[in-house]
Amino acid sequence: MTTQPTEPAAPAPITSAADIDLNDWNFWGRPDAEREHAFRLLRDLDKPAFFPEPEFGFAAATGPGYHALVRHADILEASRNPEVFCSGDGGATNIPDLPAEFAEYFGSMINMDDPRHARLRRIVSRAFTPRMIKQFESDVDAAATRIVDELLETGPGCDFVTEVAAKLPLKIICDMMGIPEKDYRFVFDRSNIVLGATDPEYVSDREDIAHALLTAGMELQQLVQDLAALRMKTPTDDLTSSLVNANIDGERLTAQELGSFFILLVVAGNETTRNAISHGMRLLTLNPDQRRLWLEDFEGRAPRAIEEIVRLAAPVNYMRRKVTRDHEMNGNLYREGEKVLLYYWAANRDERVFDDPLRFDIRRDPNPHVGFGGPGPHFCLGAHLARREITVMFRELMRRIPQIETGEPERLLSSFINGIKHMTCDF
């Protein structure tokens, strides 16, 4: 997240790395082609560019600034060394350190280091039983069928994001947790605020971002804690019951840990899969040759096609790490206390790793993208479910509406999430 000017001026052309300011809100409103050009210029520098830390209303003080890691090799190496590049000192999902009041709602395991991170991940992973995973997979199939049924009833001209891409992950996650359908919209709106607070559509008052984030976090946490109280008395077969009643080697989730995990689940699992599906549909619209290839053999080409969609979509632009000690990596020195931002979106376009990286190629192999994060303890816990949801959604769409196309996307104004808010579809 970065501060937004009152009246943004038209951005000047980017002709060199000196023209790039990742703290400038106008940069994140540029078309993809301009941002891709900018990140290529940053990748060609001898060492990662360093940016001063922007001011935030909720941050107690301005931090030391950050190195922008935009090469694939740097992101892999930093991800493999969590002892040096840590997530827990101030948080991984924001540039400034999280104040204590934010940590209560957003202090999930994504913002932790071992041993606390390992403890939470162990408890959560054990709650996903084979029986539960099998049920989720059948639920995905049924939900995708229903969504396409409703799309055909609604007809062309509707918003693909809200009518298709957002519905599937939202339903699956809410059903997993045991959240009733009447609360789907509540969860959807709050998750939009958590990840879209810097976009005027979701928080209109620029001075109100901190309050909006805290309120959304509090409301989501209260929703799941109320449900957890019921499940402790009367367990069912949902994930909330498994989590509140899990006792792994004498360890349980606290009420605050459960609430923070739920916020992570609905925000990360909902928003990122939604955006991968939206970007995927746009990529297929712009590349009819790749659509034809996939239609020729959907099942055979689906695994690589999904990885290519995730590579180019890269729903999360970056994660932050803090350097715990002086450390040299790939020929560059990082000092204790400094911050680095791991720009996954940029790494997935690194010409040192990917041939013709801007080309959408559903047969690309190998495809070592970092769309689910880099290797190490913070690799996406929900990657398997996300791949399943994306595959099933496109299977149903291409089987029943193979000619579906989208209009120009309306992008989320965010430096953190590579999101699409709205996008019409036709068929």
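Author: A crossing is left-handed if the near helix is turned anticlockwise from the far one by less than a right angle, and right-handed if clockwise. This is a predicted model, in which local features need pLDDT of at least 70 and side-chain atom pairs count only at pLDDT 80 or more, while totals for chains, interfaces and linings use all residues. Residues are numbered from 1 along each chain as its sequence is written, and side-chain values use heavy atoms, leaving out hydrogens and water.

Reader: Is the crossing of H10 and H12 left-handed or right-handed?

Author: Helices (H or I, at least four residues) and strands (E, at least two) are DSSP runs, numbered from the N terminus. Axes are lines fitted to C-alpha atoms, for helices over the stretch in contact (heavy atoms within 4.5 Å), and angles run from 0 to 180 degrees between N-to-C directions. The axes of helix H10 (residues 209-233) and H12 come within 9 Å and cross at roughly 115 degrees. The hand of this crossing is right-handed.

Reader: Which residues of H10 make the contact?

Author: On the H12 side, the residues include Ala255, Gly259 and Val266. On the H10 side, they are Gly217, Leu220, Gln221, Leu223, Val224, Gln225 and Ala228.

Reader: Which residue in S7 is the bridge partner of His67?

Author: His67 belongs to S2 (residues 66-69) and is the bridge partner of Phe50. For His67, the partner in S7 is Val340.

Reader: Does Lys322 count as buried or exposed?

Author: Buried means under 20% relative accessible area, exposed over 50%, and partly exposed in between (1.4 Å probe, protein chains only). Lys322 lies in strand S4 (residues 318-323). Because its relative accessibility is 9%, Lys322 counts as buried.

Reader: A polar contact of 3.0 Å joins the side chain of Lys322 to that of which residue?

Author: A polar contact is a pair of N or O atoms within 3.5 Å; within protein, one must be able to donate a hydrogen and the other to accept it, and residues adjacent in sequence count only if both atoms are side-chain atoms. A polar atom of the Lys322 side chain lies 3.5 Å from the backbone oxygen of Asp89. The contact of 3.0 Å is with the side chain of Asp97.

Reader: Where is Pro115 found?

Author: A cis peptide bond, with omega of about 10 degrees, joins Asp114 and Pro115. Most peptide bonds are trans. Pro115 is in the loop between helix H4 (100-106) and helix H5 (116-127).

Reader: What is the phi of Asn330?

Author: Asn330 lies in the loop between strand S5 (327-329) and strand S6 (332-334). At 46% relative accessibility, Asn330 counts as partly exposed. Although it is not a glycine, its phi is positive, at about 50 degrees.

Technical notes
Two strands pair if DSSP finds at least two bridges between them.
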